[in-house]
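Hi,

Have a look at it first, then read on.

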Amino acid sequence: MAQSPSRTSVPLLALVTPAVLVAVWAVVSSAHLFPPSLFPHPADVARGVWLELRSGSLVNDAIASLFRVSAGFLLAVILGVPAGLLLGHSARARDAFLPLVNFFRSLSPLAWIPFAILWLGIGDPPAIFLIFMAAFFPIVLSTSAAVANIPSVFFRVARDLGIGGPRLLSAVTLPAIAPQVITTLRVTAGLSWLVVVAAEMIAGRDGLGFAVWDARNGLRIDLLAAAMVVIGVIGAALDRLLVELTRIPSVRWGYER
Amino acid sequence: MSAAQLLRLESVTVAFGAVEVLSGIDLEVRDGEFVALVGPSGCGKTTLLNVCSGWLSPSTGSVHRPAGLRMVFQQDGLFPWLTVDENILLGLSQVPDRREQRERADALLDLIGLTAFAGAYPHQLSGGMRQRVELARALGGETPLLLMDEPFSSLDYLARLKMRWELTRILREQPRTVVLVTHDIEEAAQLADRVLVLSERPARVRDEVVLEMPRPRDPTHPEVVSAVHRILTVLGLESDVESGRSSR
């Protein structure tokens, strides 16, 4: 088996590359190759992050965005995984629904923004709706594919061992699809985090996406870049959080062979 | 069905649509017997085993099987999300008492020599170790009949030789009636009391080779070699047909 050394601590190299990037950014900015009104200095951005953190607005915006992503994403998981189980188990259901699922999956959730505002107004509901639309269909598709690909030998063994009915779901189907579903959760959580920013830029009164738009309207490029930095950091942190799911011993088989 | 018979198939025919896979198969397996089914690939060996297990119903004919049976599969039938110990415990789920379950699992782990690997996951084991765990899980059911579908086909030759020896040892400890499907004729001749040679599809029984020498048998033992020769001759894969070696 491929045992990697402990990866829970952030390796040194992971800190070096961002430091180099910021240094290059500082040099380019100090050289005044671009006007300061178009290209902020990292020190100004750092000050912007600090000011906004102290005023509390950045924290409030981050909380607002995280709440919307959590709500929309959890709703998509709660409805999407069972829908995927259903499609995965029934070829007829797949025949009936897969074209629709593929249609909606290919439709950018951003195209829903006008309807989201018309139907749901401004604030949490349209953002949650858009995140749901972004995450739900990939989750359904991936879950149903995972179920349809479970080796039939597992079900034969289950029958031999007297496992049937609801226990089949908890003892065979769910553990068999867990690795693939976890991978899908990582992808769709990232997708949700992308969508919330766009949703808040247009249909928000707060949130990190709104902070970006607000800074742009106020011509505060330091705050604009500050919001971008925070968005990126939180997005990466969310993925690290979900990576922890892949360390559960009973799902390692899905990543190691 | 007489008391000594554990499994009986009477003129079993299986057809998938217009394709007849099994044609009028009669099979009787006595209690404690080790029967091997060999034949060209695609001839319907696995289909026949699936009829024996009840996974597949015959198109015509009748099957009498014991109430309990367990199957050992050719591909990975272990649940990869469970440890060796948890897989074996799952095979003991018919044992009501927790403590007895634990004791039997420990005994099975000991029997297959994998006590040290109880907490390991299947993907951390070699192919031979996985097949031993699968065997232990099937044995845990205490069913009189074991059906084995090419259980060692994914192993390399040396590992296969070792597993034949292991299977013999384990069956001496825990006797079972076994029906083994294999494409490995040497394996059949080394392990079985009776080898049924099947024809091309639709499968019929073309020959029956009885081996009386006790197990374990060396692959180079004259009786094993002569059985292999006879089976290969029946299958049309042997060219030097020496009289006296091929006939019993």
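Before anything else, a word on labels: helices (H or I, at least four residues) and strands (E, at least two) are DSSP runs, numbered from the N terminus. With that in hand, Pro202(B) falls in the loop between β8 and β9 of chain B.

Some ground rules. Residues are numbered from 1 along each chain as its sequence is written, and chains are lettered from A and ligands numbered from 1 in the order in which they are written. Keep in mind that this is a predicted model, where local features need pLDDT of at least 70 and side-chain atom pairs count only at pLDDT 80 or more, while totals for chains, interfaces and linings use all residues.

**Chain A**

Chain A has 11 helices and 0 strands. Its C-alpha trace spans about 75 × 50 × 30 Å along the principal axes. Of its 257 residues, 35% are buried (20 or more other C-beta atoms within 10 Å of a residue's own; 12 or fewer is exposed, in between is partly exposed, and the C-beta atoms are placed from the backbone). Among contacts in chain A with a separation of 6 or more, 73% are between residues 24 or more positions apart. A contact here puts two C-beta atoms, placed from the backbone, within 7 Å.

Leu219(A), in the loop between α9 (208-217) and α10 (221-243), has a positive phi near 55° although it is not a glycine. Leu219(A) counts as exposed because it has 9 C-beta neighbours inside 10 Å. Glu244(A) sits in the loop between α10 and α11 of chain A and is exposed too, with 10 other C-beta atoms within 10 Å. From Glu244(A) to His41(A), 203 residues away along the chain, the C-alpha separation is 35 Å.

**Where A meets B**

In the interface, 16 residues of chain A are in contact with 16 residues of chain B. On the chain A side, α7 (152-160), α8 (166-203) and α11 (253-256) each give at least two residues, and α7(A) has the largest share with 5 residues. By class, that side has 9 nonpolar, 2 polar and 5 charged residues. For the classes, Ala, Val, Leu, Ile, Met, Phe, Trp, Tyr, Cys and Pro count as nonpolar, Asp, Glu, Lys and Arg as charged, and the others, Gly among them, as polar.

**Chain B: domains**

Chain B is assigned domain 1 (1-68 + 147-165 + 174-248) and domain 2 (70-142), with bounds from an automatic or database domain assignment. Taken over C-alpha atoms, the domain centres are 26 Å apart. Between them, 15 residues of domain 1 are in contact with 9 residues of domain 2. On the domain 1 side, β6 (145-149) and α5 (157-173) of chain B are the elements that give two or more residues. That side has 7 nonpolar, 5 polar and 3 charged residues.

**Chain B: helix α7**

Val224(B), Ala227(B), Val228(B), Arg230(B), Ile231(B) and Val234(B) are buried in α7(B). These residues lie on the same side of α7(B) because they cover an arc of only 165° around the axis, the arc being that of the directions from the helix axis to the C-beta atoms. They pack against β3 (34-38), α6 (185-191), β8 (194-198) and β9 (205-210) of chain B. Just after the helix, Gly236(B) takes a positive phi of about 75°.

β1 (5-16) and β2 (19-30) of chain B pair in the antiparallel sense over 8 bridges; pairing takes at least two DSSP bridges. Leu9(B) has Leu27(B) in β2(B) as its bridge partner.

Most residues other than glycine have a negative phi, and most peptide bonds are trans. Against that, cis peptide bonds join Arg201(B) to Pro202(B), with omega about -5°, and Arg215(B) to Pro216(B), also with omega about -5°.

Cheers
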